[in-house]
Amino acid sequence: MTDHEAHMRHALQLAARGLGRVWPNPAVGCVLVKAGRIVGRGWTQPGGRPHAERMALDQAGARARGALAYVTLEPCAHHGKTPPCAEALVAAGVSHVYSALTDPDPRVAGKGHALLRGAGIGVTEGLCAQDAQLLNRGFLKRVTQGLPFVTLKLATTLDGKIALDTGESRWITGPGARRAVHRMRMAHDAVMVGSGTALADDPDLTVRDLGAAWQPLRILVDGGLRVPASGRLGRTARAHPVWVLHAAGATVGAWQEAGAKLLEVAQINDHLDLRAGMAGLAAQGVTRVFCEGGAGLAAALIRAGLVDEVITFTAGAFIGAEGRSALGALGLAALSDAPRLRLVSQQAVGGDMQSIWRFA
C-alpha cells in the first residue's frame with residue numbers, strides 16, 4: 001500500500017463516522033498531509049454541516065498551505081448553505097487534491113475538480129474508488145437512480161424460520177447478533193418494518209445499549225394503517241421521528257396527532273407501490289434504509305427489485321415446518337426464476353453466523 005492509499009483509507013474511515021447521520025448529504029472524509037505529517041482531518045458532521053474539508057482546514061489553519069488533501073468525494077463546487085469546499089481548498093493554498101470519486105450530483109459532477117485545476121492545484125482522481133463507492137452507495141444510488149440503498153436483515157433458524165407458529169420469536173439469535181443489529185441501525189438513515197411485524201412485536205426500532213447513540217428515522221409501511229398509534233412507535237414519534245407509508249383513504253388522524261409524518265403512496269392491485277414509496281423516501285433525502293421485515297414486506301421488496309443487500313443472522317436451531325418463514329410468497333414459476341445473490345462475507349457473531357449477500 002502506498003502512502004497515498006494509506007491516507008485515503010484513513011479518510012474513508014473518517015467518512016464512515018457520518019453514515020446514518022448526514023443524509024441527504026454524502027458521508028465524506030478529508031485528511032490534510034504536509035511533509036509526511038497529518039495537519040488536519042475531518043468528516044461530514046451530523047445534519048451534513050460542516051463538510052469534511054471545512055473541518056480539516058479549520059484544524060490545520062495556516063499549515064494547510066502547501067499540504068496534500070485526500071478527500072473521499074469530489075469537493076463541492078456550488079453555493080448552498082455553506083461556500084463551496086473546492087473554493088475553500090483553493091483559498092487555503094493546498095498543493096494537490098487526491099479524490100476517490102467524482103460527485104454525480106449535477107451541481108458538482110466534475111465542476112469541483114475543474115475549479116481546483118483552474119486555480120493551478122494538482123488533482124488526482126480515482127484513488128481507492130471502489131472502497132469509496134461501497135461507502136457512499138446510498139448517496140450514489142439516490143442521486144443516480146432516485147432510490148435509497150436497501151439492506152434487508154433476516155434473523156432465522158437453520159431452517160429459515162423467524163418464529164414459532166404462535167408468533168413467539170424472542171430470541172432466535174443471541175445477544176451478540178442483536179448488538180450487531182443495533183450498530184447496523186445506527187449506520188443507516190432509516191429503519192423500516194411492515195405492519196405485520198409492528199402488530200406482532202410492537203417494536204420501537206431505536207438503537208439501544210450503545211451509549212448516547214444517534215437514532216435513525218423509523219419508517220412503518222402500513223397501507224391501511226392497521227397499526228394503532230398507541231403502540232411504541234406512535235408513543236415515541238415526537239421523541240424520535242416516525243414516517244408512515246400508507247394508501248389513499250386510510251384514516252390518518254391518530255398518527256397525525258401522535259406526531260408522525262404521513263406519506264401517501266399509490267397502489268397497484270390493492271397493494272402499496274413500493275417502488276413509488278421508496279422513490280418518495282429518496283425525494284425526502286433518505287439514502288440508506290435498513291429493513292427489518294416482516295416476511296410480507298421483505299418478499300414484496302425482493303419482488304420489486306428494491307433490495308440491494310441482504311444480511312442474515314442464522315442461529316443453530318430448528319423450528320420445523322409449523323414455524324413462520326422469513327419470506328412471504330415470491331410467486332416463482334421455475335427455479336431459474338429464483339433471485340440469486342453472491343456471498344460477500346461471513347463471520348461468527350457469538351453463537352450465530354452473520355452472512356452478507358448482494359444481488360449480482
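**Contacts, sheets and helices in a predicted model**

Q: Is Ala-129 buried, partly exposed or exposed?
A: The relative accessibility of Ala-129 is 22%. Buried would need a value under 20% and exposed a value over 50%. Ala-129 therefore counts as partly exposed.

Q: How far apart in space are Ala-129 and Met-8, C-alpha to C-alpha?
A: In sequence, 121 residues separate Ala-129 and Met-8. In space, C-alpha to C-alpha, the separation is 9.8 Å.

Q: In what sense, parallel or antiparallel, do β3 and β4 pair?
A: Strand β3 covers residues 68-71, and four bridges link it to β4. Within this pair, Tyr-70 faces Tyr-98 of β4. The sense of the pairing is parallel.

Q: Which residue in β5 is the bridge partner of Ser-99?
A: Strand β4 spans residues 96-99; His-96 and Tyr-98 point one way, Val-97 and Ser-99 the other, and all are buried. Four bridges tie β4 to the parallel strand β5, residues 122-125. In β5, the partner of Ser-99 is Glu-125.

Q: Are α2 and α3 roughly parallel or roughly antiparallel?
A: Helix α2 (residues 52-60) packs against helix α3 (residues 85-92) at about 20°, and their axes are 9 Å apart. An angle under 35 degrees is enough for one of these two words, and over 145 for the other. The relation of α2 to α3 is therefore roughly parallel.

Q: Which residues of α3 make the contact with α2?
A: The crossing of the two helices is left-handed. On the α2 side the contact uses Glu-53, Arg-54 and Leu-57. On the α3 side it uses Cys-85, Ala-88, Leu-89 and Ala-92.

Q: In which hand, left or right, does α3 pass α4?
A: Helix α4 has residues 111-118 and packs with α3 at about 20°, the axes being 9 Å apart. The two helices are therefore roughly parallel. Ala-86, Glu-87, Leu-89 and Val-90 of α3 meet Gly-112, Leu-115 and Leu-116 of α4. The crossing is right-handed.

Q: Which strands stand at the edges of the nine-stranded open sheet?
A: The sheet has mixed pairing, and its strand order is β11-β10-β9-β8-β14-β6-β15-β18-β17. Two of these strands have a single partner each, so one side of each is left without a neighbour in the sheet. They are β11 (261-264) and β17 (341-349).

Q: By what angle are neighbouring strands of this sheet turned against each other on average?
A: The angle concerns neighbours in the sheet, with direction ignored. On average it is 20°.

Q: Which residue in β18 is the bridge partner of Ile-311?
A: Strand β15 (residues 309-314) has five of its six residues buried, so the rest of the structure largely encloses it. Six bridges join it to β6, which runs parallel to it, and six join it to β18, which runs antiparallel. In β18, the partner of Ile-311 is Ile-356.

Q: At about what angle does α12 run to β8?
A: Helix α12 (residues 295-303) lies across β6, β8, β9, β14 and β18. Leu-297, Ala-298, Ala-299, Ala-300, Leu-301 and Ile-302 of this helix are buried. The buried residues of α12 pack against β6, β8, β9, α11, β14 and β18. The angle between α12 and β8 is about 110°.

Q: Is Thr-206 buried or exposed?
A: Thr-206 sits in the loop between α8 (195-201) and β9. Its side chain makes a polar contact of 3.4 Å with that of Arg-208, and among the residues Thr-206 touches are His-182 and His-240. With a relative accessibility of 9%, Thr-206 counts as buried.

Terms used
Residues are numbered from 1 along each chain as its sequence is written. This is a predicted model: local features need pLDDT of at least 70, side-chain atom pairs count only at pLDDT 80 or more; totals for chains, interfaces and linings use all residues. Side-chain values use heavy atoms; hydrogens and water are left out. Two strands pair if DSSP finds at least two bridges between them. Axes are lines fitted to C-alpha atoms, for helices over the stretch in contact, and angles run from 0 to 180 degrees between N-to-C directions. Contact means heavy atoms within 4.5 Å. Buried means under 20% relative accessible area, exposed over 50%, partly exposed in between (1.4 Å probe, protein chains only). A polar contact is a pair of N or O atoms within 3.5 Å; within protein, one must be able to donate a hydrogen and the other to accept it, and residues adjacent in sequence count only if both atoms are side-chain atoms. Angles under 35 degrees count as roughly parallel, over 145 as roughly antiparallel, 65 to 115 as roughly perpendicular and the rest as oblique. A crossing is left-handed if the near helix is turned anticlockwise from the far one by less than a right angle, and right-handed if clockwise. Lists of a residue's contacts leave out its neighbours within four places in sequence.
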